[in-house]
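Open your viewer and get ready to click through a few selections with me. We will take the stops one at a time, starting from a single residue.

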Amino acid sequence: MSYPKSLKRLTALGVAAGVFLFSATAATAATAVVTPSAAQAKTSSADKTFKVALLNDVDTLNPFTNVLAAGANALALSYEPLVENGQKSNELTGAIADSWEVNEDGTVWTFKLGTDRKWSDGKPLTSDDVVYTFDLIMKNPDLQKSKGALVEGLSSVEAPDAETVKITLSEPQAANPGVQIPIVPKHVWEKIDDKAAFANDKDAVSSGPYTIETYGKSSGITMATNPNYWRGAAKIDKIVFVPYKSTDAAIQALRTGEVDFVPDMTSAQFGSLENEPNVETYSGKNRRYQAVAINPGAKDKNDQPMGDGNPVLQDLVVRQAIVRAIDKSTLLDKVLGGHGTLAAGEIPSVYPDFYWKPTDSELTLSFDPAAANKMLDDAGYAKGADGIRVDKTGKPIKLRLMGRSESAAHASMAEFIKPWLKDIGIDVTVETKASGQVNEESEQGKYDMYFTGWGIEPDPDFQLSINTCASRPNADGSAGLNESNWCDPEFDKLYAAQHVELDPEKRSELVKEADKFKYTQAVNNVIWYYDSLEAYRSDRFGGFEKQPDGVGPIYGQNGPWGFYSVTPVSELEGANSESTSQNSGSSLPIGLGVGIGAVVLIGAVVAVIMRRRSSSDDRA
Amino acid sequence: MTDTLSRGPGDSPGLGLEADIAPDIDEPKRSSSWARYTLVKAGGAAISMVMVILLGFFAFRIIPGDPVRLLTDGRQVSPEQLDIIRDTYGLNDPLIVQFFTYLTDMLKGDLGQSFVYNQPVTELIGERIGPTLLLSGTAALLSIVVGLWIGQRAAWKRGSFFDKANTGIALILWSVPTFWLGMLVLMTFAGSLKLFPTGGMMTVASDAQGFDLFLDIAHHMVLPVLTMAAVVYAHYLMVMRASLLEEMSGDYLTTARAKGLREDLVRRRHAVPNALLPTVTLIFMALGGIISGAVTVETIFSWPGLGYLTFQSLSQQDYPVLQGTFVVFSAIVIVMNFFADLLYRVLDPRLRK
């Protein structure tokens, strides 16, 4: 029986390649186990490199086209706006501008630039750069992807002199137009032809505490300390964002010391690190809320009904009874492990200037199933034989609760809410759908209840604006940005008043009033504000400033504070020199690596001998 | 040594036999010429490719949701701005116009521009396909070599401890969820023993060059390659074992033994090459699929490859990237199947005239 020679060669080649690859990998395992300890022995430059797990994809580091948060967080450390949110309480504070004033009707904003502001390459930062940046966004639609909405109300941006910028608005507004627009250096960007396609991933020139040095898909983002930062250079040399595609892997890296900081953990992941030596876990109050939206009878721009929400929900009493049947504190404990703050209004406590802090008497919709049952009894919704109430047309009240299939929290919250609503005689069917579908159906009003949530910006204007009658969608659901498919003339009045109120205290009252009013309408049952769960190597770094002071998150702030303030342990005040060496266990890995290498080597030798023997056999 | 010729009760025929007995009606006649055979197969591949290109466009647009809304989720935007973004991506055009643009661009080798990354799709795929090929290619090679080798040993000594232990271990690993196994491997060998890095393809912020870089990459590859290989090698093992068991009753083996060949040589030189035939097709089909199968492993070990890009684009409804990866993945499978068809004819003399 003959067989093709090619096959023989193929097999031999395969075996050889396999042995080679395996021995190569095993051999490197043996050599590379030595590297961690070698790296530790390096000089202080390694101690001053702060490594952060980068858990999401970076779309681009171009400040005009960036949309995903991973890139945005790096850009926030890099490019300063005119005015930014302070570390103490998210209050407005000077960044490129030192001070600002606004004319009486709120249409002309004049900013005085700081005299000592410089770009990272040493060139002075002037009003020219500011005007140039605003013009880029205002005149080029391709550069509006990121910040376009923020320049819509601007009619002109001028520079009367090198230290003054004058922004003129087409309509008065109370929100400062100088925040959030990152100013870029004119002398760099004017040389770029296709600005929208510019990757901005190498040796960028910027004004914040760190500048982008390099970015690569597998090597992550490396940022160098900007020596010219006007508040003073940061205390470390570099920040490296190391790409990790799963938080669990990043947590292992934190345990081994491959990264120094991991943000955005789940409560289970957070708990797993609580007893880890040299790792400090931190739970900071954040700006994102979680809610159950209740469809009050969605209507389009022309006041025509849209969607298929259950008509019984148009009765305020039914919506309020639903809110009263849901036990928020149990949800917070069981679903979030207590890592959050109980909520009523949409604007979270991290914005003390705008946060409506309800008193007990203001919490008219607090958890009370007995009261909820009574409300429904009094309103004439009688219970049927099966315990389910019937609506005014005699149909049993059956509601859908829609959640996102990607979210484990939605599924477990629904597990609780279903029986709670059954207690007040309402039957609930839980439906989980893909994110895109939830967005689409909620915009078209095709829901009874659904899980929703928003991260709130420091200025509440936008969040309030999407609850006005003007932001309702067209009949086909397009061109709409409405948050709850609800609007009310009284709310519109409050929105319009705060929109132009230049007195901070008066505006704050109006905003709180609007938030409170929406609460009483029971269209968006806000359950909690999320905590941001973070962990870092306390044997290497400390001194993080939180925003707001003492309670807020370290990562993902409105401004650079958390990572600007990071300090090597050796330079921390009162640092007693308890240098923790990490050589434990290194003898075992080396032994194991050598062992693997040896086994593979022996295997290879045996294989070669066998081959030689058999071929000589064959010849005989 | 005659006991090896009797078939044990548990060893039912595998895939190989049926394929040999029942002629495939799609197969060109065996007497047909090489050129004709190749042409028919190539034509079939081309038709599949056209179908893939058509499907690639429409399949992802059936998914409900608006990519522009997903892109701007939770951010301050105005309806006018959304409209501008839709315009730049051509999403306001009628579907048929979008389809025509897609087709003409495709003919020019242009897969479009990603919504999310603001980068040409060919570029996005280009910079990720290397790492994916490296990872899944090495894993495929390892699993094929190990699987086939254990498979033929196990068949030859079926019922022995070697056979039972190896088939058992392979089947356990085969049924284990990849994510779970990967996490376990990661926690043990990277997290606790600190033998290997916890993720990525190379050490970040290091300036390793040349051989050092090669070592660094190899070091990062160990855990993902082992995880991927551990999960799939059972496939090759079982097929190889089954097809060798088929061959073991062959008269030609008795002849070989009668010639006085050592048992080892009878197995390696006579039985195995014949048993390999049905596995070749399997290997090539698996090679096509293994690239798309790397998604989970790439995610656990933060490997900068194509799998994660696809996953990410699906959640963002980044149509151009989805279309691009779909077409590329499918093209690889089609080409591999085509090669399998050709190679099968080369390897099996009975298919040649």
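**Stop 1: one residue and its surroundings.** Select T198(B) and show its contacts: leaving aside neighbours within four places in sequence, T198(B) touches A249(A), Q252(A), A253(A), T256(A) and E258(A), along with L186(B), A190(B) and G191(B). Keep in mind as you look around that this is a predicted model.

Now colour chain B by helix. T198(B) sits in the loop between α8 (178-192) and α9 (210-247) of chain B. Is T198(B) buried or exposed? T198(B) counts as buried because it has 30 C-beta neighbours inside 10 Å, and the cut-off for that label is 20 or more.

**Stop 2: where the two chains meet.** Next, show both chains. Contacts between them involve 68 residues of chain B and 73 residues of chain A. Which helix gives the most to chain B's side? Select α6 (residues 121-156) of chain B, which contributes eight residues, the most on the side that touches chain A. If you colour that side of chain B by residue class, you will find 42 nonpolar, 20 polar and six charged residues.

**Stop 3: a helix pair in chain B.** The crossing of α2(B) past α14(B) is right-handed. Where α2(B) contacts α14(B), the residues are 16 nonpolar, five polar and four charged.

**Stop 4: a sheet in chain A.** Bring chain A back and look for an open sheet of four strands, paired antiparallel in the order β4-β5-β7-β6. Its edges are β4 (97-102) and β6 (154-161) of chain A, each of which pairs on one side only. On average, neighbouring strands of this sheet are turned by 20° against each other, direction ignored.

Zoom in on β6(A) and strand β7 (residues 164-169) of chain A: these antiparallel strands are joined by five bridges.

Finally, select helix α5 (residues 127-139) of chain A. Helix α5 lies across β5 (108-113), β6 and β7 of chain A, and runs at about 160° to β6(A).

Technical notes
Residues numbered from 1 in each chain as written. Chains lettered and ligands numbered in written order. Predicted model: local features only at pLDDT ≥ 70, side-chain atom pairs only at ≥ 80, totals over all residues. Pairing = 2+ DSSP bridges. Helix = DSSP H or I, 4+ residues; strand = E, 2+ residues; numbered from the N terminus. Axes fitted to C-alpha atoms, helices over the stretch in contact; angles between N-to-C directions. Contact = placed C-beta atoms within 7 Å. Nonpolar A, V, L, I, M, F, W, Y, C, P; charged D, E, K, R; others polar. Buried ≥ 20, exposed ≤ 12 C-beta atoms within 10 Å, placed from the backbone. Left-handed = near helix turned anticlockwise from the far one by under 90°.
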